[in-house]
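Hi,

Here is the structure I said I would pass on. Have a look at it first, and my notes follow below.

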Amino acid sequence: MPAAADGTVLAPQAWICRAAPLATISAQAASAGSLAGLSFAAKDNIDAAGWPTTAGCPAFAYTPTASAFVVQKLLDAGAQLAGKTNLDQFACGLNGTRSPFGAVPNAFNPAYVSGGSSSGSAYVVATGQVDFSLGTDTAGSGRVPAGLNNIVGLKPSRGLISARGVVPAAQSVDCVSIFARTVATAVQVLESAVAHDALDPYSRRLTLASEPFAPAFRFGVPATLEFYEDGAAEAAFSEAVARLQSLGGTPVAVDFAPLAQVAALLYESALVAERYTAIRSFFDAHEAEVVEPVRSIIAAGRQYSAADLYEVQTEVKRLGQQVDAMWSCSADGRSEGPPQARPAPCTHERGSEPHAVGSVGANIDVLVVPTAPTHYTIAQMQQDPVVLNRNLGAYTNFVNLLDYAALSVPSAVRADGLPFGITLIAPCGSDWQLADLGQRYHHATGLTQGATGLPLPAMRAIAGLRQPATVRVAVVGAHLSGMPLNTQLTERGAVLAGPAETAPDYRLFALPGTTPPKPGLLRVGAGQGACIALEIWEMPLSAYGSFVALIPAPLGIGTLALRDGSTVQGFVCEPEALNGALDISHLGGWRAYMTSLKTAAA
């Protein structure tokens, strides 16, 4: 295997240039920085001092003496750079096969594409080789590889992370992106990477929204969805919509046509001239060194005039004005001032289908789309590299042009074993809000981390958001997770804290004539009852009153004594209502009782 002049190993596919084992290069390991102990990789269009930068083109390679602004920030925070990763050449592509260093395989099935252009960066995170990685995102390159590899892809608001020291694809819309196996790690990296850089012409000072989305939020779903005859992807997205509803969301159908029009302009208009501009001097001298179809795409940028560019920029602005009306608040995190408080979301009866509302006046908090509408094999992609690549970007290309933030999170592993992800999108400045909702969603899936098989760790609070005061509520019956009334908790933003048991001072009864079936919990005295299984939920204090108002007599809320000696607010029952009720205490809990009924019926 070839090696660079400094002894670092060069490898095909996921890694272009990899360091010696981390144990021998742990100069930062003793650091007390916020990222101490974490390893990372950088897409090979991002400079790292002393490491070759190829942008996926050996003839373009150079060795920088200084690291990109963002890489230096991460090193200063204690993270260790493990190497440089493969990419679609000059970050032009969404599939991971357009590289002379080889195609990057999918982490779950090597016959399938990894997604690109940040293909190697996603792969090394998904397979557990590093803790996080840097990619870039112009048309979806920080999201599509995440969705296809069961990891998190955080595409921040443009200008939030400096792109100085990054070989641009289309500089005015480029973003440095973050891949991680959990939202919490991605957020930790973003916190360390954010800084205004006066030497980056597109760096911005942004004030990010500090209030989380409301517990009852509204999420937009394209009224017409295209999955290119991929039934598994379509089913996975339907499940995602239902899961968001269980978290308190109300789906709203939005007209996707203007967003699709913006997406088409990125490659089918004078905007492609910016890709040519990015490497103009090299390309004019070494065009033959650029692989197809990257060569043809970049060469197409030569044909446009300045007038053509102004015309298409105006069209993007026109379409942007049209779609701005779909948001519940048009404010964002630009330098003009902090985002306005979002108004309380409209309330509608929830159902299994999105409300049929057009973009204008849809009043959504977040837009939800498939990260990628389908998944192709490497062989399929190489046979039809332009059309199939365009299909992968159906729900990504418009985001940076319209100045949105986005977060791709894992959603499912399909029946065929391939990952499926969704992307949460909201206006510039919504980064922490998206992270909060994305983390809740990711943990609700029950998926493991990337392709490692490791369980997700506990959720972490998003430091950039004001954390609402909470109250712990114990539930014993129809409000348990998976039970009919559990949505009364989740729609109020309640989060499961974990299982517990009462002190052995309670008896549990099945109440007759209740719909859905409910139990009654009665305290009978020390040592005279049984330990009854329950769940404890953390609920925002602001939502507690509306929850209690839903509880019908003879049930109510009181103070429960737990087996560990602590107390918690939880469901109790009036003693008079238990006359004639069935004592089920010996079963230890409501879930066991419901299981016994199914067993008896069988």
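Helices here are DSSP runs of H or I with at least four residues, strands are runs of E with at least two, and both are numbered from the N terminus. Before going further: this is a predicted model, where local features need pLDDT of at least 70 and side-chain atom pairs count only at pLDDT 80 or more, while totals for chains, interfaces and linings use all residues. Residues are numbered from 1 along each chain as its sequence is written, and side-chain values use heavy atoms, with hydrogens and water left out.

Back to His479: it counts as buried because its relative accessibility is 8% (buried is under 20% relative accessible area, exposed is over 50%, and partly exposed is in between, with a 1.4 Å probe and protein chains only). The His479 side chain makes a polar contact with the side chain of Gln488, at 2.8 Å. A polar contact here is a pair of N or O atoms within 3.5 Å; within protein, one must be able to donate a hydrogen and the other to accept it, and residues adjacent in sequence count only if both atoms are side-chain atoms. Setting aside neighbours within four places in sequence, the residues in contact with His479 include Leu485, Phe547 and Phe571 (contact means heavy atoms within 4.5 Å).

Next, helix H4 (residues 183–193). Ten of its eleven residues are buried, so H4 is largely enclosed by the rest of the structure. Those buried residues pack against several elements, among them helix H1 (69–76), strand S5 (132–137) and H14. On the H1 side, Phe69, Val70, Val71, Leu74 and Leu75 are buried, and H4 is one of the elements they pack against.

How do H4 and helix H14 (residues 431–445) pack? Their angle is about 160°, and their axes are 9 Å apart. That makes H4 roughly antiparallel to H14. For reference, axes are lines fitted to C-alpha atoms, for helices over the stretch in contact, and angles run from 0 to 180 degrees between N-to-C directions. Angles under 35 degrees count as roughly parallel, over 145 as roughly antiparallel, 65 to 115 as roughly perpendicular and the rest as oblique. In this contact, Val183, Ala184, Val187, Leu190 and Glu191 of H4 meet Trp432, Ala435, Gly438 and Gln439 of H14.

H14 also packs with helix H5 (residues 231–246), at an angle of about 115° and with the axes 10 Å apart. H5 and H14 are therefore roughly perpendicular to each other. Here Ala240, Arg243 and Leu244 from H5 meet Tyr441, Ala444 and Thr445 from H14.

Finally, some backbone details. Most residues other than glycine have a negative phi, and most peptide bonds are trans. Phe90, not a glycine, has a positive phi of about 55°, and Phe90 is buried at 5% relative accessible area. Glu229 has a positive phi too, near 65°, but Glu229 is exposed, with a relative accessible area of 84%. As for cis peptide bonds, one runs from Thr515 to Pro516, with omega near -10°, and another joins Ala553 and Pro554, with omega about 10°.

Cheers
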